[in-house]
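The sequence and the coordinates are shown first.

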Amino acid sequence: MATLGPAGTDAQAEAAQHFENIVLADSFEGAMRVGLNDGAYVLVAAGFLERDGKDVVDSWVDMHFRNHGRMRLTATWESSTKVMCVATNPASAKTPEEMKTLAIHPATAAFANRFAPLAQHAYVNAKPIAVQWAAEGRADGCIGSLDVVQQRDTLKVHQIFRPTMVWCLYERVLGT
């Protein structure tokens with residue numbers, strides 16, 4: 001089974017509930033390539049959205065249609081994500097209201113707008129990367145998974161929330 005990495009993503013946590021052998025790819029598109037090349041199942045979040053600045057460069061629906069006839073959607077389900085939070089790097093912002101920049105995965109923009117409406121979004125491809133950016137001072141804060149944020153002693157947790165996600169399981173179409 002292939003899905004989005006790095007270690008600590010919701011995709012990895014969800015995949016581990018259903019599969020033993022998991023390949024973590026740099027992107028959902030990379031996971032889809034593993035599925036196409038190796039015949040592995042691929043787990044993709046329906047909320048998948050990739051941005052380059054303000055521009056959307058990929059999404060679940062685009063990937064789904066792009067792989068039509070090659071990969072088949074075999075199951076969908078809803079489940080809770082890992083516990084998420086808004087965190088700040090107190091060296092640059094003590095509260096969410098003080099943040100100028102907030103590192104986020106594009107799928108979490110609704111939460112960014114709710115909990116830190118004044119912060120400018122710095123988009124990354126996975127929440128663990130958002131946490132890394134905030135911890136390194138590349139952004140004033142982040143939206144990340146609580147367990148990953150708590151591994152960084154330089155970050156302060158503020159809002160905690162636990163949304164759900166819809167997951168899509170793909171398999172290679174026979175004969176492709």
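Ser79 belongs to strand 6, which spans residues 71-80. The structure is a predicted model. With a relative accessibility of 17%, Ser79 counts as buried, because the limit for that class is under 20%.

Beyond its neighbours within four places in sequence, Ser79 is in contact with Glu14, Thr164, Met165 and Trp167. For one of these residues, Trp167, a polar contact is also found: its side chain and that of Ser79 are joined at 3.4 Å.

## The largest pocket

The largest pocket holds about 290 Å³ of space. Its lining comprises 21 residues, and those nearest the centre are Asp10, His105, Ala107, Lys127 and Met165. Met165, which lies nearest the centre together with these other residues, is also among the contacts of Ser79.

Three elements each supply at least two residues of the lining: helix 1 (10-16), helix 5 (127-135) and strand 12 (164-172). Strand 12 makes the greatest contribution to the lining, with 3 residues. By residue class, the lining of the largest pocket consists of 13 nonpolar, 6 polar and 2 charged residues.

## The enclosed cavity

How many cavities of 30 Å³ or more are counted? The count comes to 1 cavity, and the volume of the largest cavity is about 40 Å³.

Leu4, Ser27, Phe28, Phe48, Leu49, Glu50, His105 and Asn125 line the largest cavity. This lining divides into 4 nonpolar, 3 polar and 1 charged residues. His105 takes part in the lining of the largest cavity and is also one of the residues nearest the centre of the largest pocket.

Cys85 is in no disulfide, and the nearest cysteine sulfur, that of Cys142, lies 6.2 Å away.

As for accessibility, Cys85 is buried, with a relative accessible area of 0%. Cys142 is likewise buried, with a relative accessible area of 0%.

Notes. Residues are numbered from 1 along each chain as its sequence is written. This is a predicted model: local features need pLDDT of at least 70, side-chain atom pairs count only at pLDDT 80 or more; totals for chains, interfaces and linings use all residues. Side-chain values use heavy atoms; hydrogens and water are left out. On a 1 Å grid over the protein atoms alone, a cavity is a set of points where a 1.4 Å probe fits but cannot get out, and a pocket is an open set with protein on both sides within 12 Å along at least five of seven lines; lining residues have an atom within 4 Å of a point. Grid points are joined across faces, edges and corners, and a volume is the space filled by probe spheres set on the points. Helices (H or I, at least four residues) and strands (E, at least two) are DSSP runs, numbered from the N terminus. Ala, Val, Leu, Ile, Met, Phe, Trp, Tyr, Cys and Pro count as nonpolar, Asp, Glu, Lys and Arg as charged, and the others, Gly among them, as polar. A disulfide is a pair of cysteine sulfur atoms within 2.5 Å. Buried means under 20% relative accessible area, exposed over 50%, partly exposed in between (1.4 Å probe, protein chains only). A polar contact is a pair of N or O atoms within 3.5 Å; within protein, one must be able to donate a hydrogen and the other to accept it, and residues adjacent in sequence count only if both atoms are side-chain atoms. Contact means heavy atoms within 4.5 Å.
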